[in-house]
Amino acid sequence: MSSNSDEKVHDSSSKGDDENVPSRLDLDDDPVYSYKEQRAIIHHVDRRLVVTLGLIYCLAQIDRGNMGNASIAGMRDDLGLDIGYRYSIAVLVFSPTYIAFQPLTTVLTRKIGPRIFLTAITFLWGATQIGFGFVNKWTDLAGLRTVLGIFEAGVYPSAVYLLATWYSRYDVGKRYFGFYVIGCIALAFGGILAYGLMQMDGLAGRSGWRWIFIMEGAITCAASFLAYFFLVDFPEKADRSWRFLNTDERDLILRRIDRDRDDAKVEPFTLGRFLRPALELKIWIFGLISFFIITTSSAVAIFLPIILRDNMGFSIAASQCLIAPPYTLGALVMALSAYLGDHYHVRGPILIANSLLTLVGLPVMGFAPSPGVRYFGVFLLTAGANANIPVALAYQANNTRGQWNRAFCSAIFVAFGGVGHISGATIFRSQDSPRYIPGIAGAIACNVLIIVCVLGQSAYFYRANKQADRGQRILEGSKGFRYTI
């Protein structure tokens, strides 16, 4: 697993490009601000950046994942989605455009600025979502899902990249948790919201499932205008954001980033500089980890209402509402994972532990004799699969250095996750109802492969760190940089 970003050296006096940067620096040792003042500024950043990005991602999750709720609310019968592979196709066509446009979005975010770029695409996908409520053929629904994939493609990679530029490596885990757990609120309570909107059935002559799309799209469009004022730019431009940081506070953030990894300064964009990380094997392993995690978590998000109804025999109302409790447990497991990862400076062991939790939940959900026990398996599956997402985000962010390296790695990580959405959309097939044994087996294989990838990556990181400690290698162009295992 060699990396072309590493430089071999033969004695400890060899020079790297940042030779004067000490290998160990206390991030909180600042010449201007006390520790208490620094934490106050960072928490101010949290409230503006993490919360706003999390709410945008929450809306994206609701608008992307409401197919299952609308399906059991009558859309499946009205549009004939229960014929053959129609439902899976309508879910699946979102992903090709979602994946294809992702690598470009981190560059556009840097060039245009996150406030303009993210608010524009938020409004556009909200308008597209409203259109879902007026379709009369399943092919029209599939076409709009394709357009939705284009507009939502920029949300996740841009948010992941923007968060990584603001925080030190062992502050970012909890921020990814905060960002993602707000998205999980959507997964937890999206079903309850959908059930409430279903009660508009018959209003203006439209079915309840149509109002799910219309009202949720309208909420997204309205939120895009608020996001324009509350979103913030990259750290070096933070003082230009509305009612945010002053220049001294901005400089504190930049000093912390430089003490952590010495990459606060943005290099000029060139295509070669952006694509250079493609030669590093670790980038693609991060992508595979993302693929396996998202395959499992997206399958749960898309098909859980249907599994609760068809496999466990719950009513439509119960199937909508019983989604929430497992995601609540998932949020608690995520919080614990984020705390342990940042506190102990580890990521890989937590990924493995959460995968093992998922591996226990899957067969319980699939093969336990009673619906109650199978529903308990849903708790374990949902908690483990979703808790691994922010951990994996921190894992890749901790082990890349340089603005364009990070932009490329974020794009690949999320793009492979997009492929996971395709896999997740097909893994629980309608013809396998009600037991869905092939889907359960596929999810088990994914989590076994997560463990294999993490073990291999961690072994390489451990060896590389030991070589760097002996002065035999410079990692990521920085003498003070060490990989996070």
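Which residue forms a salt bridge with D251? Let's find out in the first of these close-ups, which come from a predicted model.

**View 1. D251 pairs with R250 in a salt bridge.** The closest N and O atoms of these two residues are 2.9 Å apart. D251 is partly exposed, with a relative accessible area of 26%, while R250 is buried at 18%. Side chains of opposite charge can pair when their charged atoms come close.

**View 2. D342 forms salt bridges with K174 and with R347.** Take the pair with K174 to begin with: its N to O distance is 3.2 Å. D342 sits in helix α15 (residues 324–344) and K174 in helix α9 (residues 172–198), so this pair ties together parts that are 168 residues apart in sequence. For the pair with R347, the closest N and O atoms are 2.7 Å apart. D342 counts as buried, with 4% relative accessibility, and R347 is buried as well. K174, at 34%, counts as partly exposed.

**View 3. A network of salt bridges links D28, R39, D46, D171, R175 and R256.** In total, the structure holds 18 salt bridges.

**View 4. Helices α1 and α7 pack at an angle of about 165°.** Here you can follow α1 (residues 35–65) alongside α7 (residues 138–152), with their axes 11 Å apart. That angle makes α1 roughly antiparallel to α7. The crossing of α1 past α7 is left-handed.

**View 5. Seven side chains make a nonpolar patch on the surface: I112, I116, L226, Y228, F229, F230 and W242.** Together they have about 690 Å² of accessible area. Helix α10 (residues 208–230) gives the most to this patch, with four residues. I116 belongs to helix α6 (residues 114–132) and is partly exposed, with a relative accessible area of 46%.

Key
Residues numbered from 1 in each chain as written. Predicted model: local features only at pLDDT ≥ 70, side-chain atom pairs only at ≥ 80, totals over all residues. Heavy atoms only, no water. Patch = residues over 30% accessible without salt bridge, like charges linked within 9 Å, V, L, I, M, F, W, Y side chains within 5 Å. Areas by Shrake-Rupley, 256 points an atom, 1.4 Å probe, with all protein chains shown as cover. Salt bridge = Lys/Arg side-chain N within 4 Å of Asp/Glu carboxyl O. Helix = DSSP H or I, 4+ residues; strand = E, 2+ residues; numbered from the N terminus. Buried < 20%, exposed > 50% of the residue type's maximum accessible area, 1.4 Å probe, protein only. Axes fitted to C-alpha atoms, helices over the stretch in contact; angles between N-to-C directions. Parallel < 35°, antiparallel > 145°, perpendicular 65-115°, else oblique. Left-handed = near helix turned anticlockwise from the far one by under 90°.
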